[in-house]
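Visitor: Could you walk me through this one in plain words? I'm new to reading folds.

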Amino acid sequence: MTADTAELDLTLKRTFGYGTFRPLQREICEATLAGKDVFALLPTGGGKSLCFQLPALVRDGLTVVVSPLIALMKDQVDQLQASGVAATFLNSTLDADEARSRLSGLHRGQYRLLYAAPERLMLEGWVENLKKWNVACLAIDEAHCVSEWGHDFRPEYRQLAKLRAALPGVPVMALTATATERVRVDIVSHLKLREPEVFVASFNRPNLTYRVVPKDQPLKQIIDFVRKRESESGIIYCASRATAERVADSLAGRGFSAKPYHAGLDATERGRNQEAFLRDDTRIICATIAFGMGINKPNVRWIIHHDLPKNIEGYYQETGRAGRDGLPGDCLLLFSAGDIAKQTHFLDEITNPQEQQIARAQLRKIVHYAENSSCRRAELLEYFGETFPLDNCGACDNCAEPRETYDGTLVAQKFLSCVYRIAQNSRFSVGMNHLTEVLTGADTEKIRRWGHDRLTTYGIGKDLGRSAWAAVGRELMRLGYLAIAEGEFATLELTEAGMNVLRTRQPITLTKPMDLPKARSRTPARREGDIVCDEILFERLRTLRKQLADERRVPAYIVFGDTTLRAMAHHYPASLAEMEGIPGLGEKKRAEFGEIFANEIAEYLKTNSRVAFD
C-alpha cells in the first residue's frame, strides 16, 4: 500500500467523519491515486463525489471537477468547505471581482478542488491556466452527458476530449449514476479514456420502495400521500410547466409548503424556490425534469411522478433523489394510458428519424415497467444489465401485494389473430392504435381504405375498450408473442412464439390491470436503511440544526445529515467524548457543533428517559 492510499482511511474519518467506505469507493480512490484512468458507475446516493474528493486531499496538486450544473457546484463546494476542505468553483454567478480573486487563489495553489462547467474549460486561455495549476486529476461528473444514447445528452461534453491532449499525463475519472452498456462504451470512447479501470456498482437502492398506481384524480392522490408525510421533504415531477404550477398552487392553497420549479420561471424566482427547498423552508417542490440533477439534498424522503417519465434512465435518476442519505425513501408513479398517448404525440414531433426511434424504444420500456406485474426492483436492475438475486424484494407494490391473474387465452387469440389477418390481407403490418380500432370495430378512413372492415377479426373485440386492448397488446409484447417490426414505424408483428400460440391455441395467463379499489397505497413493510431512534429527540435536534444552518445561511444538511441526527437520537451522546463514532462527524464539524448538540441531548435527558432500542 502506498503512502497515499494509507492516508485514505485517516482522511475519510478525520475530514468526513466516516469509519468505512461504501462499496467500490476505496478501489476507485486507489486506482486514481495510482495514476490510472477510471470509469465509475455508482448509483445515486452511492457516494460518487467522495471518489474524487478524497484522493484530492491525499495527493499534491489540483483536482478539476467538470460539473454540468451551477447548483451542483455550489452545493458540493459548500459541503466541502463546511468540512474544512479548500474547494472553489468558477461559473457565471460570480461577479468579476470574486472571479478574479478565485483565479488568483488558483494561481497561488491554495485550492485542492476546482468545480467548473465544460464550456468554461473550453474557453480561450483556459488550457494554459490548467497547465500552470499543477492539475493532478480531471474528474468528469455526470459523464453520461457525453452520449447521445444517454438521457441527458450535452454536446459540449464531447469537447472535453481535447483536454486529454492538452494534459496528457493527467489521469481522467469519468463518473455517472446511470448508464446502459451502450452508454458506457460511448463514455470511454468519446472521453478517450486510456485502458481505464472500470467499476460498476450495483444499481440496487435497497432503501427505496417503488409503487405504481392508476392515475385517477391525481391531485387528491397526491394530497392523500403527502398528508401522511407533512414533516418530510419530497419532489413531485410533472411533464409540463403548467402542471407543475397547478399542483404547487393547489397544495399551497391547502396549507402545504409547496413551490414550483421549471425553466419558465425567471432565474430569481427559480433560485429562490430552490434555495427554500434546500433549507427546508419549503418541503415540496413541484418540478419539471429540469430540477434535481444538481441537487445533493440528502434528506428527500419521497418522490412522486405525476406523469409518465420519458425513459427508465430518467425515472431511475429522479427516484434516486430520494434517500441519498441511506435512510428510507418512497417512490410513487401515477400511471394512465392517456400519458402514453401524450408522450407518443411529443415523439411524433421529433424530426430526426434516429432520435425518434431511440425515444420510442425508451418510451416502450418505461411503459413496460409501469404495467408489468413482476418485481419492480428486478425490472429496473435488469434494464441496466443486473440480475436481482431474490424472487421477492419485499419493497415494491408487486412484491408486497401481487396482482391477480386470469385466463387470457381468448383475448390473446383475438389480438394475435387480428395482427395475423391484417398482415396476411395487406402485406404490411400496422401499429397498436390501428389494431385496437379494428378490434373494436371503429369506422375510420384508413380502415375503409385498406379494407380492414372486411376482415374476420373486424369488431370481434367490442366487449373491451381501446385502452384495454392496448394494454393486452403491450402485455403480449412483454410475454414475447409480439414484437416491434424493424423499420421507421412502430408496427407490430407476430413472433415465432406468437405464431405457435395461434397454431396450438395454448392457454395464456394474463395479469389483471391495476384497479382503483385496490390501489395499494400501503407502504411495503421492509424499510432498509432505517435508523430506529427517539423520534421526539430527533425532532428537537432537527430544530437545533435548522437554527444553526439559518444563522450560517446554508442548507440544514451542510451542518449535519439526517443520518447523523438519527444516530445521535439513538445513542444519546450527552458529552463531546461520547460523540466518538457518530457518522458524519469529522474533526471540523465536531469542533464546531459537537458540544452544542451534546448539550442539547444532555438537556433533553434531564426530563426524558432514554429509550432502549433492540
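Visitor: What do the buried residues of α10 pack against?

Guide: A heads-up: this model is predicted, so local features need pLDDT of at least 70 and side-chain atom pairs 80 or more, while totals for chains, interfaces and linings use all residues. Residues are numbered from 1 along each chain, and side-chain values use heavy atoms, without hydrogens or water. Gln221, Ile222, Ile223, Phe225 and Val226 are the buried residues of helix α10 (218-227), buried meaning under 20% relative accessible area with a 1.4 Å probe, protein chains only. Their packing partners are β8 (208-214), β9 (233-237), α11 (241-253), β11 (284-287), β12 (300-305) and β13 (329-335).

Visitor: Which are the edge strands of the open sheet of seven strands?

Guide: Helices (DSSP H or I, at least four residues) and strands (E, at least two) are numbered from the N terminus. The strand order is β3-β4-β2-β5-β6-β1-β7, with parallel pairing; pairing takes at least two DSSP bridges. An edge strand pairs on one side only, and here that describes β3 (87-90) and β7 (197-200).

Visitor: Which residue in β4 is the bridge partner of Thr88?

Guide: β3 and β4 (113-116) run parallel, joined over four bridges. In one of these strands, β4, Thr88 finds its bridge partner: Leu114.

Visitor: At what angle does α5 run to β3?

Guide: Helix α5 (96-107) lies across β2 (62-66), β3 and β4. Angles run from 0 to 180 degrees between N-to-C directions, along axes fitted to C-alpha atoms, for helices over the stretch in contact. For α5 and β3, the angle is about 130 degrees.

Visitor: Are α2 and α3 parallel or oblique to each other?

Guide: Helix α2 (25-33) and helix α3 (50-58) pack with their axes 9 Å apart, at an angle of about 50 degrees. Under 35 degrees is roughly parallel, over 145 roughly antiparallel, 65 to 115 roughly perpendicular and the rest oblique. So α2 and α3 are oblique.

Definitions and conventions:
Contact means heavy atoms within 4.5 Å. Buried means under 20% relative accessible area, exposed over 50%, partly exposed in between (1.4 Å probe, protein chains only).
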